[in-house]
Amino acid sequence: MARILITQRLVDGGDAVLRASGHEVLTRDADGPMPHDELVAAAAEVDAIVCMLSDQIDAEVLASGGRLKVVSNVAVGFDNIDRTAAEAAGVAVTNTPGVLDAATADISILLMLSARRQASAAEADLRSGRWTGWAIGDHLGLDLTGATIGLVGLGRIGQAVSRRLGGFDTTVLHHTRHDTGRKGWTPSLLDLAGRSDVLSIHVPSTTDTHHLINAEVLAALPDGAVVINTARGSILDEEALANALEAGRLHGAGLDVFEGEPVINPRLLASPRCVLLPHIGSATISVRRAMCEMASQGVLEVLAGTTPGNLVPADA
Ligand code: DGY
């Protein structure tokens, strides 16, 4: 019998697969990241850790235990896990690809529409009592219909966004480092930005993508463009974005992820043109359940000595 640590509360019933497995399951009955010292101490005593993207699984955690075999992230992104240290320690890493693509793509579209139409600012006017009635020149936004959308990255989520955009009569371009062979591939990120009314980020967080969307890329956008980020905060230079918004260069931004989350850049908080969501890309009941199940299956398969389909390859 193995011992499995779950670092934070899962959604209701999310631990059912693990509990039915016959292994010992230790659940931390709390939301929010497990304190680092507790994590290091606990890691020494367990065979598997089921964790969230807010838990920092660093070299100290990974090196702390002789028996740790697998860390299973209840997220598709795994930038919170030191993969080099995991490999060195012989610890397998699993994630939850696929099950959250549609939900996250939906939030990207929601943010595109909200930022183009300035839905948050309009709603704030209504809630605060500033709205005094329909007026022809009030709350004028920009159409999504007919716009050119630049997707940075065309993985599963980027493709799901692209499919949805077909319903809005948009022109969809994409940038990836290697030629996708698909219509709309744009080899240069700056060229993509120069043609994008909406620039939407769909790449993972890596050292290569840190601040990929920087002042130079933002400066290449046409006046009145909109930036959307549902991937990871580290990919977008938020200070550069705040500069562009405050200068009136951009129409708005729609952000579901942040560099220092849960702390939000005060300049973005103060910008009425920024639609801000608290990292809810995958937050539907069915998707979060599916993520818990997939993470649990990954653990059980590694413990059983098989290779799970959701094993993160060493070179990913
Ligand atoms: C992920 O899974 O990486 C998302 O950011 C949260 O669900």
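Q118 is buried, with a relative accessible area of 9%. Buried means under 20% relative accessible area, exposed means over 50%, and partly exposed lies in between (1.4 Å probe, protein chains only). Q118 sits in the loop between α5 and α6 (119–128). Its phi is near 55°, a positive value in a residue other than glycine. Most residues other than glycine have a negative phi, and most peptide bonds are trans.

This is a predicted model: local features need pLDDT of at least 70, side-chain atom pairs count only at pLDDT 80 or more, and totals for chains, interfaces and linings use all residues. Residues are numbered from 1 along each chain as its sequence is written, and side-chain values use heavy atoms, with hydrogens and water left out. Helices (H or I, at least four residues) and strands (E, at least two) are DSSP runs, numbered from the N terminus.

Strand β3 covers residues 48–51. A48 and V50 point one way from the strand, while I49 and C51 point the other way. All four are buried.

β3 pairs with β1 (residues 3–6) through 3 bridges, and the two run parallel. It also pairs with β4 (residues 70–73) through 4 bridges, again in parallel. Two strands pair if DSSP finds at least two bridges between them. V50 takes part on both sides. V50 is the bridge partner of I6, and S72 in β4 is the bridge partner of V50.

## Salt bridges

The structure holds 15 salt bridges. Each is a side-chain nitrogen of Lys or Arg within 4 Å of a carboxyl oxygen of Asp or Glu. One of them joins R9 and D29, at 2.7 Å from N to O. R9 lies in the loop between β1 and α1 (16–19), and D29 in the loop between β2 (24–27) and α2 (36–43), so the pair ties together parts that are 20 residues apart in sequence. R9 is partly exposed at 40% relative accessibility. D29 is exposed, at 59%.

A second pair is R156 and D101, with the closest N and O atoms 3.2 Å apart. R156 belongs to helix α7 (residues 156–165) and D101 to helix α5 (residues 101–117), so this pair ties together parts that are 55 residues apart in sequence. R156 is partly exposed, at 44% relative accessibility. D101 is buried, at 10%. R130 and D125 form another salt bridge, their closest N and O atoms 2.7 Å apart. R130 is exposed, with a relative accessible area of 53%. Salt bridges that share partners also join R9, D29 and D31 into one network.

## Helix α12

Helix α12 spans residues 285–303. At 1.5 Å a residue, its 19 residues should span 27 Å, and its end C-alpha atoms are 27 Å apart, which agrees. The expected span is 1.5 Å times one less than the number of residues.

The buried residues of α12 include V287, M291, A295, V299 and L300. The helix's buried residues pack against β1, α1, β3, β4, β5 (92–94) and α5. Contact here means heavy atoms within 4.5 Å. G305 follows α12, and its phi is positive, near 85°.

## The ligand and H279

The residues around the ligand are L53, A75, V76, G77, L100, R232, H279, S282 and M291. Being near a molecule or strand means that one of a residue's heavy atoms lies within 4 Å of it. A backbone N or O atom of V76 is 2.7 Å from a ligand oxygen atom. A polar backbone atom of G77 is 2.9 Å from an oxygen atom of the ligand. H279 brings a polar side-chain atom to 2.7 Å from a ligand oxygen atom.

H279 lies in the loop between β11 (274–276) and α12. Its phi is near 50°, a positive value in a residue other than glycine. Not counting residues up to four places away in sequence, H279 touches L53, R232, D256, V257, E261 and R288.

E261 also has a backbone feature. The peptide bond from E261 to P262 is cis, with omega near 15°. P262 lies in the loop between β10 (250–255) and α11 (266–269).

Terms used. Polar contact = N/O pair within 3.5 Å; in protein donor to acceptor, adjacent residues only side chain to side chain.
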